[in-house]
Amino acid sequence: MSLKIKHLSKSFGTTESLKNVSLTFEPQTIYGLLGRNGAGKSTLMSILNNRIIPNDNSETKVTLDDEPLLENDKQLSRLFLMSEVNLYPNNMRVKTIFKWTERFFGDFDWDLAQRMTDHFNLNTKKRLQSLSTGYRTIAKIIIALCTPSDYVFLDEPVLGMDAANRKLFYSFIIEAYEKRPRTFVISTHIIDEIASLIETAIVINNGEIISQIDIDELQMKGKVVSGPQEDATIYTANLNVIGADYLGGSADIYTIGDLPKPVPANLTVSGMTLQNYFVQLTTRDTDKLN
Ligand SMILES: Nc1ncnc2c1ncn2[C@@H]1O[C@H](COP(=O)(O)OP(=O)(O)OP(=O)(O)O)[C@@H](O)[C@H]1O
């Protein structure tokens with residue numbers, strides 16, 4: 001019982017946006033889909049939600065609970081994608097969009113929608129076009145959380161939202177999940193804010209999945225060894241090092257796994273944040289200023 005993707009590729013002309021992606025999304029799990037600009041996050045989510053057609057490749061298989069997903073309306077209706085693209089008529093009132101959603105998906109969580117509109121202070125009598133950028137996002141978030149979908153994809157869901165509303169949104173994701181567990185796949189560039197929300201981080205880089213890690217595992221095993229460059233380098237020489245930052249003779253070396261004891265007295269060890277992990281995995285040489 002899961003959403004399985006095997007050998008999925010997508011090219012736009014000569015741009016290979018997704019390269020032979022294989023990935024499984026388990027039911028009732030909250031994922032972070034992390035990648036730099038242009039990494040392929042939106043393309044992946046759009047393909048899974050039937051908005052973009054993947055390359056024609058006989059090896060490609062996308063199944064939901066072992067049934068083919070693409071071009072299968074019954075299975076596709078179990079997925080929902082919230083993205084920047086506006087699918088709703090701009091002159092429609094928010095409340096009417098909620099009703100449309102209910103008709104289309106066969107159900108809508110009106111209680112949660114009411115709580116969310118109250119907390120966000122959203123006037124549902126307003127037309128979509130008259131809302132500010134942040135409030136348009138809030139309206140779309142409410143729709144995404146109140147549909148009966150089993151797999152909800154949120155592509156940059158906090159675009160234009162202020163810090164207080166983002167915090168409220170993260171609490172509502174948890175509330176929606178606790179009320180009715182389902183899979184959320186959240187793509188965002190504000191990584192540290194979702195670190196406590198997600199269970200698994202998937203990192204995509206240049207169209208390829210380069211890492212999938214449980215947040216608990218990262219918290220247990222991800223360490224930053226800091227101190228004089230030479231000593232830190234010697235101490236971490238045989239460890240699983242994913243990257244390093246050097247500044248004026250000092251080093252921060254990023255490792256995954258157990259550290260040999262004792263740690264030399266001139267080195268310090270701290271936990272690796274999800275943001276650290278992501279940056280180390282996706283930094284290119286060209287990102288560094290000469
Ligand atoms: N319709 C399209 N036509 C041509 N190229 C496209 C199209 N859609 C996406 N691409 C290209 O595919 C690559 C992946 O884009 P995608 O939008 O999936 O990235 P992303 O990870 O969502 O990026 P961002 O974080 O900047 O939104 C990019 O090189 C992009 O230019």
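Asn121 counts as exposed, with 9 C-beta neighbours inside 10 Å. In this predicted model, Asn121 also has a positive phi of about 60°, although it is not a glycine. The residue is found in the loop between helix H4 (110-120) and H5. Asp66 is a further case, with a positive phi of about 70° in a residue that is not a glycine. The loop that holds Asp66 runs between strand E4 (61-64) and strand E5 (67-68). Asp66 is exposed, since 8 other C-beta atoms lie within 10 Å and a residue counts as exposed at 12 or fewer. Most residues other than glycine have a negative phi, and most peptide bonds are trans. The peptide bond from Lys261 to Pro262 is cis, with omega near -5°. Pro262 is placed in the loop between strand E13 (250-256) and strand E14 (268-271).

The secondary structure of the chain comprises 10 helices and 14 strands. The C-alpha trace spans about 65 × 50 × 40 Å along its principal axes. Of the 290 residues of the chain, 35% count as buried. Contacts between residues at least 6 apart in sequence were also examined, and 69% of them join residues at least 24 apart.

The chain is divided into two parts, domain 1 (3-206) and domain 2 (221-287). The centres of domain 1 and domain 2, taken over C-alpha atoms, are separated by 34 Å. In the contact between the domains, 8 residues come from domain 1 and 6 residues from domain 2. On the side of domain 1 that touches domain 2, helix H7 (191-194) and strand E9 (200-205) each supply at least two residues. E9 has the largest share of that side, with 3 residues. By residue class, the side of domain 1 that touches domain 2 consists of 5 nonpolar, 1 polar and 2 charged residues.

The largest nonpolar core has 63 residues, and Tyr31, Ile142 and Phe153 are those with the most contacts inside it. Helix H5 (residues 133-146) contributes the largest share of this core, 9 residues. Both domain 1 (3-206) and domain 2 (221-287) give residues to the core, so it lies between them. When residues up to four places away in sequence are not counted, Phe153 touches Met45, Leu48, Asn49, Leu79, Phe80, Leu81, Met82 and Val185. A second, separate core has 7 residues, including Val225, Tyr235, Ala251 and Tyr254.

Note on methods. Residues numbered from 1 in each chain as written. Predicted model: local features only at pLDDT ≥ 70, side-chain atom pairs only at ≥ 80, totals over all residues. Domains from an automatic or database assignment. Contact = placed C-beta atoms within 7 Å. Helix = DSSP H or I, 4+ residues; strand = E, 2+ residues; numbered from the N terminus. Nonpolar A, V, L, I, M, F, W, Y, C, P; charged D, E, K, R; others polar. Buried ≥ 20, exposed ≤ 12 C-beta atoms within 10 Å, placed from the backbone. Core = buried A, V, L, I, M, F, W, Y, C linked by C-beta atoms within 7 Å.
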